[in-house]
Amino acid sequence: MTALTLPAAGRGAGPRLVVDLTAVAANVRLFTERATGELMAVVKADGFGHGAVDVARTSLAHGATRLGVTSIDEAMALRAAGIGAPVLSWLNPVDTDFAAAVAAGVELAVPGREHLDAITRRAPGARIHLQLDTGMARDGAAPSEWTALCRAARLAERRGLLRVVGVMGHLATADVPADHANATGRTRFAWGLEVARGCGLRPADRHLAATSATLTDPLSHHTMSRVGAGLVGIDPSRTTSLRPALTLTAPLVSVRRVRAGTGVGYGHTWTAPAPTTLGLVPLGYADGLPRAASGRAEVLVRGRRHLLVGRISMDMAVVDLQGDHAEPGDVVTLFGPGDRGEPTVAECAGWADTIEHEIVTGLGSRLQRTVRGTHEGRCATSSTSGHLRRVR
Ligand SMILES: *Cc1c(COP(=O)(O)O)cnc(C)c1O
């Protein structure tokens with residue numbers, strides 16, 4: 001073991017995550033063309049890790065008319081950022097402060113009687129979307145409870161306590177367009193709409209499709225599509241070319257030569273088969289680099305792919321440079337759009353036996369974030385750490 005070189009002072013700004021809003025804008029425009037109804041931009045989980053406010057503003061500037069989030073907290077963060085567009089929140093415990101949401105003009109999904117009762121009692125004036133379980137056995141009212149829910153909602157509406165503005169469902173297998181469960185889900189949704197009508201409800205927003213169904217199944221579109229993953233370049237149906245929006249890089253911290261037989265990292269899960277050059281990458285699973293990708297993940301250094309060897313640890317990983325020349329401060333690209341031969345998020349997900357969604361929503365808060373492009377598409381950059389950007 002020889003020649004541990006240290007980085008020159010001032011070089012390398014640490015790990016960096018670049019969010020390309022021009023990519024988000026291009027994806028949004030594609031979805032506004034494909035959706036036969038309105039486009040709701042789903043910006044839950046901090047906009048799938050891309051920045052909820054940035055993805056929301058970009059989506060609204062390029063044709064989306066609504067926003068969708070999981071919790072009321074996420075909805076309130078959009079309002080706090082000055083976004084006044086319609087927002088729907090669909091997953092909240094029954095004792096949530098629904099009144100605050102209603103005061104902020106946030107629409108609420110109602111999955112059952114308990115939520116309906118809580119909202120009529122504590123948050124009069126709510127605009128609600130009744131949520132039907134169209135085949136996931138997860139959220140939404142079971143078909144056996146649907147008729148009673150619709151009747152109760154209509155009663156509350158007639159008393160002036162709320163307005164039923166929407167009915168929503170969600171498909172379990174839309175990423176596999178040929179799966180017969182899609183037709184079953186569509187049929188159940190159509191039945192749910194008929195029951196709602198029969199109860200005297202007139203929901204203007206009827207929405208079932210998310211990313212995959214919007215791309216592959218026009219019969220599922222109804223009056224609106226709720227699209228999240230697709231906005232940030234993820235297509236679970238693998239039918240459409242979307243533009244990835246994230247690039248993750250880090251400078252090499254150090255470079256060292258090692259002998260054949262040198263064990264690398266915790267547990268010595270990899271041993272150098274021959275003399276080689278190793279680079280130290282200051283990114284680990286705390287930053288969202290999945291430990292499950294140890295021994296499989298590739299990175300780009302000086303235009304060439306190299307393997308991460310040994311275990312990915314909390315803060316760092318080691319790249320086998322295989323004798324290629326590299327210096328401390330050289331940029332290592334973990335993933336990007338793939339234009340320069342770098343891995344994509346899809347490849348990273350494959351190496352970790354997971355899906356792209358989990359990679360992009362699992363990126364750590366200590367990454368330096370840079371946003372490229374503006375919501376309207378003009379060119380500019382701004383930079384903050386993850387947490388600062390999130391609360392702004
Ligand atoms: C996350 C979510 C969406 C968006 O799904 P994508 O496949 O990411 O477009 C739509 N609807 C509901 C209810 C969701 O939870």
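**The ligand site and selected residues of a predicted model**

Q: Where does the ligand sit?
A: In this predicted model, local features need pLDDT of at least 70 and side-chain atom pairs count only at pLDDT 80 or more, while totals for chains, interfaces and linings use all residues. A molecule sits in a pocket if more than half of its atoms lie within 2 Å of the pocket's grid points, a pocket being an open set of points on a 1 Å grid over the protein atoms alone, where a 1.4 Å probe fits, with protein on both sides within 12 Å along at least five of seven lines. By that test, the place of the ligand is the largest pocket.

Q: How many Å separate a polar side-chain atom of R226 from a nitrogen atom of the ligand?
A: The backbone of the protein reaches the ligand at G228, where an N or O atom lies 2.8 Å from a ligand oxygen, and at A229, where a polar backbone atom is likewise 2.8 Å from an oxygen atom of the ligand. For R226 a polar side-chain atom is involved instead, and its distance from a ligand nitrogen atom is 2.9 Å.

Q: What share of the 392 residues in the chain is buried?
A: The secondary structure of the chain comes to twelve helices and 21 strands, and its C-alpha atoms fill a box of roughly 80 × 45 × 35 Å along the principal axes. Buried means under 20% relative accessible area, exposed over 50%, and partly exposed in between (1.4 Å probe, protein chains only). Of the 392 residues, the buried share is 51%.

Q: Which residue's side chain makes a polar contact with the side chain of T277?
A: Residues are numbered from 1 along each chain as its sequence is written, and side-chain values use heavy atoms, with hydrogens and water left out. T277 belongs to strand 15 (residues 276–281), and it counts as buried because its relative accessibility is 6%. In a polar contact (a pair of N or O atoms within 3.5 Å, one able to donate a hydrogen and the other to accept it), its side chain is paired at 2.9 Å with the side chain of R257.

Q: Is A137 buried or exposed?
A: Most residues other than glycine have a negative phi. A137, although not a glycine, has a positive phi of about 50°, and its place is the loop between strand 7 (126–131) and helix 7 (143–158). Its relative accessible area is 71%, so A137 is exposed.

Q: What is the relative accessibility of R302?
A: R302 is another residue, not a glycine, with a positive phi, near 50°. The loop between strand 16 (298–301) and strand 17 (304–309) holds R302. It counts as partly exposed because its relative accessibility is 47%.

Q: How many Å separate the C-alpha atoms of P244 and A61?
A: P244 is found in the loop between strand 10 and strand 11 (246–251), and its relative accessible area of 21% makes it partly exposed. Although P244 and A61 are 183 residues apart along the chain, their C-alpha atoms are separated by 19 Å.

Notes. Helix = DSSP H or I, 4+ residues; strand = E, 2+ residues; numbered from the N terminus. 1 Å grid on protein atoms, 1.4 Å probe; cavity = no way out; pocket = protein on both sides within 12 Å on 5 of 7 lines; lining within 4 Å.
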